Amino acid sequence: MTKLTELTLCEARDGLVKKQFSAKELTQTHLQKMEETRSLNAYITETPEVALKMAAASDEKLAKNEELRPLEGLPIGIKDLFCTKNIRTTAASKILDGYKPLYESTVTQNLWDAGAVLLGKLNLDEFAMGSSNLTSAYGPVVSPWKIKGDNRQFVPGGSSGGSVAAVAVGSALATTGTDTGGSIRQPAAFSGIVGLKPTYGRCSRYGIVAFASSLDQAGPLTKDVRDAALMLKIMAGYDPKDATSVNIPVPDYEKMLSGNIKNLKVGIPKEYRVEGLNPEIENLWSQGIEWLKNAGAEIQEISLPHTKYALPTYYILAPAEASSNLARYDGVRFGLRTSGKTLDELYELTRAEGFGREVKRRIMIGTYVLSAGYYDAYYLKAQKIRRLIRQDFEEAFKKVDVILTPTTPTAAFAIGEEPKDPVTMYMNDVLTVPANLAGIPGISIPASFTEEGLPLGLQILGPTFEEARILNVGYVLEQAAQFKEKALKLRTSI
């Protein structure tokens, strides 16, 4: 039988139903894998006692042949941006070290109600600000992917670096992530797994530590498309505690994976052929087009003319919202407190010690663009361009059903070889940011490798609340790419 840590979420679900193993055995195997792969630094907080208790409760249900919940006994990891009741939640920042929320986020509550087992809280870029997972106060996450004959360690991508590393190495069956400018899809592409960003409003943001409230969206990170469909069905849904949550039905995404895309219109945006696009990724994009053509899809070039403004627009709006959201961390109510002679000094010293360099940089940018004299010139103008970007997608989806692009302009880079210029680092998000600004869903599918053996991904974008459609196209790409089979032959991962 396949090793338990190599099973997909759906395979593990089916194995539990058939009583091939117990929830306790499944959980213990993943806890053991967590210990064996601690060098990756994927987890900030491990919760073995909680996991075994939850697994035991699932085994009782299984033994009694009771009606099973959708994720009964399945061990997963949670990005340490989701509040978990009485379990440390840090957002990978020193300023929240030791903080234990008194409430549960809606997304994680949905997962526990469905029978999932909590393995632990996963590392990330501090406050989800980054695309490498090098900014965490708890140290960088290391990708499980290696190049043969090369001792360099590679970034897993970010900000959901711990989430993707855990899935890729097998120390969690699936994980949660958040995507503000590509923080699910970009690391998924770097790490050879599936990453799905739902439509803004599809998953509740209640209990998720805020970065940029008009952009943040929770989503699953999984080993394959079917697992992503299963996870999203549980994570999604209307929540009256979140004013941006949309009250529309959540379909059974797994049942809608038909693999039939005959006559589906696929748009290829000419503006996504950005400067610096790796030739190997360009070739993969062409290959992806051929795969979809062979499956019966119709290919059509489209234009998204305001795409070139997406990155600067994002890096005005997101820091502006972050500067407002992060004002609550002042050392008074919770988290780190550094004593000062006056209240102002307490604020200053706490924030100086508690926030890392990248967080401080974005707070300063955000404060600047919101300040008197610059609000109209930067923030207001960025909001207008955001609307134009959204209109570009709305017009495109009148002509095509989905859009196919690469997920990232390059493969993962080695730790220590990352761009030192922040603006160059921000370019990692150039192909993912537009979807966040428009609020549309997107999924990254692992599809090929560089010549050296590092993963590359393809991205599918769809109209709002058409997650089922992009999952189905992703399913077709997954079958054509045969990524897992090629990965086994390469044997480049840990």
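In the predicted model, alanine 114 touches Arg69, Pro70, Leu71, Glu72 and Ile234, not counting residues up to four places away in sequence, where contact means heavy atoms within 4.5 Å. Alanine 114 lies in the loop between α4 (106-113) and β3 (117-122), helices (H or I, at least four residues) and strands (E, at least two) being DSSP runs numbered from the N terminus. With a relative accessibility of 7%, alanine 114 counts as buried, a term that denotes under 20% relative accessible area, with exposed over 50% and partly exposed in between (1.4 Å probe, protein chains only). Residues are numbered from 1 along each chain as its sequence is written. Because this is a predicted model, local features need pLDDT of at least 70 and side-chain atom pairs count only at pLDDT 80 or more, whereas totals for chains, interfaces and linings use all residues, and side-chain values use heavy atoms, with hydrogens and water left out.Helix α1 (residues 9-17) has Leu9, Cys10, Ala12, Gly15 and Leu16 as its buried residues, and these pack against α2 (23-36), α3 (48-63), β2 (75-79) and α7. Just after α1, lysine 19 adopts a positive phi of about 60°.

The axes of helix α7 (residues 225-235) and helix α15 (residues 467-481) come within 9 Å and cross at roughly 160°, the axes being lines fitted to C-alpha atoms over the stretch in contact and the angles running from 0 to 180 degrees between N-to-C directions. The two helices α7 and α15 are therefore roughly antiparallel to each other, a class that takes in angles over 145 degrees, while those under 35 count as roughly parallel, 65 to 115 as roughly perpendicular and the rest as oblique. On the α7 side the contact is made by Val225, Arg226, Ala228, Ala229 and Leu232, and on the α15 side by Glu467, Leu471, Gly474, Tyr475 and Glu478. These residues divide into 6 nonpolar, 1 polar and 3 charged, with Ala, Val, Leu, Ile, Met, Phe, Trp, Tyr, Cys and Pro taken as nonpolar, Asp, Glu, Lys and Arg as charged, and the others, Gly among them, as polar.

Among the strands, β4 (residues 175-178) is covered on both faces, with Thr175 and Gly177 on one side and Thr176 and Thr178 on the other all buried. Strand β4 pairs with strand β6 (residues 218-222) in the antiparallel sense over 4 bridges, pairing being assigned if DSSP finds at least two bridges between two strands, and glycine 177 has glycine 219 of β6 as its bridge partner.

Strand β10 (residues 442-449) is mostly covered, 7 of its 8 residues being buried. Its antiparallel pairing with strand β5 (residues 194-197) extends over 3 bridges, whereas 7 bridges join β10 to the antiparallel strand β11 (residues 455-461). Serine 444 of β10 is the bridge partner of glycine 195 and stands opposite glutamine 459 in β11. Strands β10 and β11 form a hairpin with 5 residues between them, and glycine 453 in the turn has a positive phi of about 110°.
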